[in-house]
Amino acid sequence: TSVVIPDSVVSIGDYAFERCRKLRSVTLSKNLEIIGNVAFGDCESLENITIPQSVTTIGYSAFSDCASIRQIEIPDGVTKIGAETFFECENLLNVAIPEGVTSIGGNAFMGCGSLAEILLPEGLINLGGGAFNGCRSLKNVNIPDGVKTIGDRTFYGCSSLESIRIPDGVTSIGNWAFAYCSNMTSIEISNTVTSIGSEAFYMTG
């Protein structure tokens with residue numbers, strides 16, 4: 001099944017295509033600005049979707065449980081990746097996040113077990129709890145200098161992660177933040193950190 005959304009459409013509402021489980025391909029409007037909450041949630045067969053540069057808002061869980069998506073490019077106008085946006089996109093290999101993104105919500109990429117590398121933008125300020133929880137293939141990640149808090153379970157279960165540098169500016173590391181990062185060989189923690197949560201590095205390295 002495929003869908004072509006005409007260029008007259010500027011907004012896709014909440015739950016618009018949720019659980020369209022035979023949907024494989026979507027061509028979005030070139031003038032689209034808003035993708036609503038859970039708009040394509042649980043479209044488990046969806047393989048091909050290109051988000052146009054006109055999009056500025058992507059709602060929470062917009063592509064959650066889209067298990068067949070392999071790559072996604074987020075438009076330059078987007079400043080926030082909401083909670084659970086790509087939750088359990090288990091075959092997602094590549095994500096391009098633009099420099100304008102300042103916030104990644106809780107559990108945004110949780111369960112993206114095939115994601116091996118991600119480049120976080122230098123302007124990032126908020127890195128939500130559980131953002132990369134269970135990204136077991138993730139080997140490399142940079143934490144930008146603007147991030148102040150690493151939330152609970154942010155990198156929980158990232159069992160391929162080899163090294164991490166906590167930059168100047170980070171003041172707290174949440175509970176279980178790096179727990180079960182079993183391949184970790186190098187951890188560098190800035191002297192700006194004043195609080196390390198319970199079991200933050202449990203079974204790590």
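Visitor: In what order do the three strands of the open sheet come, and is the pairing parallel or antiparallel?
Guide: In this predicted model, the open sheet runs in the order β1-β3-β5, and its pairing is parallel. The edges are β1, residues 2-4, and β5, each of which pairs on one side only.

Visitor: How many bridges join β3 and β5?
Guide: Strand β3, residues 25-27, pairs with β5 in the parallel sense over two bridges, and Val-26 stands opposite Ile-49 in β5.

Visitor: Switching to pockets, what volume does the largest pocket have?
Guide: Its volume is about 170 Å³. The elements that give two or more residues to its lining are β5 with 48-49, β7 with 71-73 and β9 with 94-96, and the lining residues include Glu-47, Thr-50 and Ile-51 as well.

Visitor: How does that lining divide into nonpolar, polar and charged?
Guide: The lining of the largest pocket holds five nonpolar residues, four polar ones and two charged ones.

Visitor: Now the cysteines: how many disulfides does a search of the whole structure find?
Guide: The search finds zero disulfides. Cys-20 is in none, and the nearest cysteine sulfur, that of Cys-43, is 5.1 Å away.

Visitor: Is Cys-135 buried or exposed?
Guide: Cys-135 is buried, with a relative accessible area of 0%, whereas Cys-20, at 29% relative accessibility, counts as partly exposed.

Notes:
Residues numbered from 1 in each chain as written. Predicted model: local features only at pLDDT ≥ 70, side-chain atom pairs only at ≥ 80, totals over all residues. Heavy atoms only, no water. 1 Å grid on protein atoms, 1.4 Å probe; cavity = no way out; pocket = protein on both sides within 12 Å on 5 of 7 lines; lining within 4 Å. Points joined across faces, edges and corners; volume = space filled by probe spheres on them. Helix = DSSP H or I, 4+ residues; strand = E, 2+ residues; numbered from the N terminus. Nonpolar A, V, L, I, M, F, W, Y, C, P; charged D, E, K, R; others polar. Pairing = 2+ DSSP bridges. Disulfide = S-S within 2.5 Å. Buried < 20%, exposed > 50% of the residue type's maximum accessible area, 1.4 Å probe, protein only.
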